[in-house]
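Please look through the model below before reading my points.

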Amino acid sequence: MPTTRFEPGAGAFGPPEGQRPASAIGRLRERFDTWRLSKIASEDFQRWAARFPLTRGFARRDAARVYDLVSGFVYSQVLLALVELEVFRHLRDGPQRADTLALTCGVSAERMRALCQAAASVGLLARGATDTYRLGRLGAAVLGVPGLEDMIRHHKVFYRDLADPVGLLRGETDPELSRFWSYVRGGEGVDAETARTYSALMESSQHLVAEETLDAVDFGRFRNLADIGGGTGMFLEHVAARHSGLGLSLFDLPGVVATAERRLGEAGLAGRIRLCAGNFRTGTLPGGCDAMSLIRVLYDHDDPTVAALLAQIHTALPPGGQIVISEPMSGGDRPCRAGDAYFGFYTMAMTTGRPRSAARHAELLRQAGFADPVERPTRRPFLTSVVVARKPGPA
């Protein structure tokens with residue numbers, strides 16, 4: 001993916017996303033699409049399309065995709081059951097019979113076989129001879145991604161919040177995720193146990209995000225980096241491993257910083273990273289830094305909070321200083337499943353924040369006084385996307 005620059009008067013700085021004036025050709029295409037989709041929505045057309053040789057392939061593929069959307073929750077629960085029963089780990093060293101797995105996992109042989117068959121149907125396991133099952137390629141990948149099993153277990157909370165999606169959309173429910181992530185409302189009274197819980201969950205999925213961010217941005221050109229909302233320091237630990245001469249500071253709530261101090265001490269980084277406890281809503285950010293990073297921070301918060309934080313960072317940075325934003329992002333005019341479906345509803349259940357497109361980040365950065373916002377390509381944008389900008393003036 002090429003680097004994307006957001007110039008004034010283009011992209012985020014033209015009309016808002018989804019409200020740009022259509023050309024004559026665009027309007028004609030829109031009318032044609034409206035007519036075409038009205039035909040597809042007809043029961044008579046669907047019956048005809050399923051039989052007609054030139055259209056039945058499309059009709060079957062559409063039907064299969066709709067079926068997968070209907071069945072998607074079941075697939076996710078099959079994955080959750082495999083993780084909670086540790087089936088992937090039991091199969092790490094080789095295939096096993098379903099009845100052997102049943103004894104190990106405390107499930108009847110008949111139901112374990114049903115689970116394994118379901119898992120094999122979606123590529124998580126693979127069936128062998130004589131009622132044996134082994135890891136499928138997707139199941140092996142689950143084991144190979146640090147922290148993924150923890151995130152899958154955590155999703156039980158999210159699934160419960162989505163049990164009534166209309167109630168969630170109307171604001172008629174009390175989502176569990178909003179209580180789990182209560183720290184995003186900015187209170188400094190977050191107790192140490194709560195801080196450890198959500199910090200551990202964030203930490204478990206931070207490895208890949210850190211790798212993507214460090215591959216997208218050359219942090220070696222900075223002198224001193226402050227990671228704002230840095231959690232337990234997992235991102236800075238990765239930065240320290242790549243850039244031994246870079247000064248590092250971590251800023252987060254006092255309860256989080258206490259957890260970070262213990263973890264970084266155990267990692268042998270106690271004297272390497274300056275720890276700064278505070279609240280960006282009420283206090284000042286660390287000084288003496290020519291770069292600041294926000295790793296999976298802004299999508300937790302609403303626009304006024306984000307605008308205020310970006311303004312604070314702009315004030316704290318010297319002329320020429322840079323800001324790095326790395327988090328899951330919306331596709332904007334081109335909706336994407338990770339940013340708009342998954343993270344759109346996840347942040348809705350948190351009841352604060354939302355995923356923003358790279359163009360929207362650029363718009364907010366310019367409003368805060370930053371210049372030259374640029375989207376840096378990542379290999380796995382479903383995990384994170386990166387936008388950088390600088391404070392005007394000579395470095």
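What is the mean pLDDT of the chain, and what share of its residues reach 70 or more?

1. Confidence. This is a predicted model. The chain averages a pLDDT of 87. A pLDDT of 70 or more is reached by 87% of the residues. One stretch needs care: residues 9-15 have pLDDT below 50. In the model, that stretch still has 14 contacts beyond near neighbours in sequence. Where pLDDT is low, predicted coordinates should not be read in detail.

2. Helices α3 and α8. Helix α3 covers residues 56-84, and helix α8 covers residues 148-161. Their axes come within 9 Å and cross at roughly 130 degrees. That angle makes α3 oblique to α8. The crossing is left-handed. From α3, the contact draws on F73, S76, Q77, L79, L80, V83 and E84. From α8, it draws on E149, I152, R153, K156 and Y159. Sorted by class, the α3 contact with α8 has 6 nonpolar, 2 polar and 4 charged residues.

3. Aromatic pairs. The structure holds 8 of them. One of these joins F158 and Y342. The arrangement is edge-to-face, with 5.7 Å centre to centre and 90 degrees between the planes. F158 sits in α8, and Y342 sits in helix α16 (residues 337-350). The two residues are 184 residues apart, so the pair links distant parts of the chain.

4. Helices α12 and α13. Helix α12 spans residues 206-216 and helix α13 spans residues 234-242. Their axes come within 9 Å, crossing at roughly 45 degrees. The two are therefore oblique to each other. The crossing is right-handed. On the α12 side, Q206, H207, A210, E211, T213, L214 and D215 take part. They meet M234, F235, H238, V239 and R242 in α13. This contact of α12 with α13 has 5 nonpolar, 4 polar and 3 charged residues.

5. Helices α15 and α17. Here α15 is residues 303-316 and α17 is residues 358-367. The axes come within 9 Å and cross at roughly 55 degrees. These helices, too, are therefore oblique to each other. The crossing of α15 and α17 is right-handed. D303, V306 and L310 contribute from α15, with R360, L364 and L365 from α17. The α15 contact with α17 divides into 4 nonpolar, no polar and 2 charged residues.

Technical notes:
Residues numbered from 1 in each chain as written. Predicted model: local features only at pLDDT ≥ 70, side-chain atom pairs only at ≥ 80, totals over all residues. Heavy atoms only, no water. pLDDT = per-residue confidence, 0-100. Contact = heavy atoms within 4.5 Å. Axes fitted to C-alpha atoms, helices over the stretch in contact; angles between N-to-C directions. Helix = DSSP H or I, 4+ residues; strand = E, 2+ residues; numbered from the N terminus. Parallel < 35°, antiparallel > 145°, perpendicular 65-115°, else oblique. Left-handed = near helix turned anticlockwise from the far one by under 90°. Nonpolar A, V, L, I, M, F, W, Y, C, P; charged D, E, K, R; others polar. Phe/Tyr/Trp six-rings, centres within 6.5 Å; stacked < 30°, edge-to-face > 60°.
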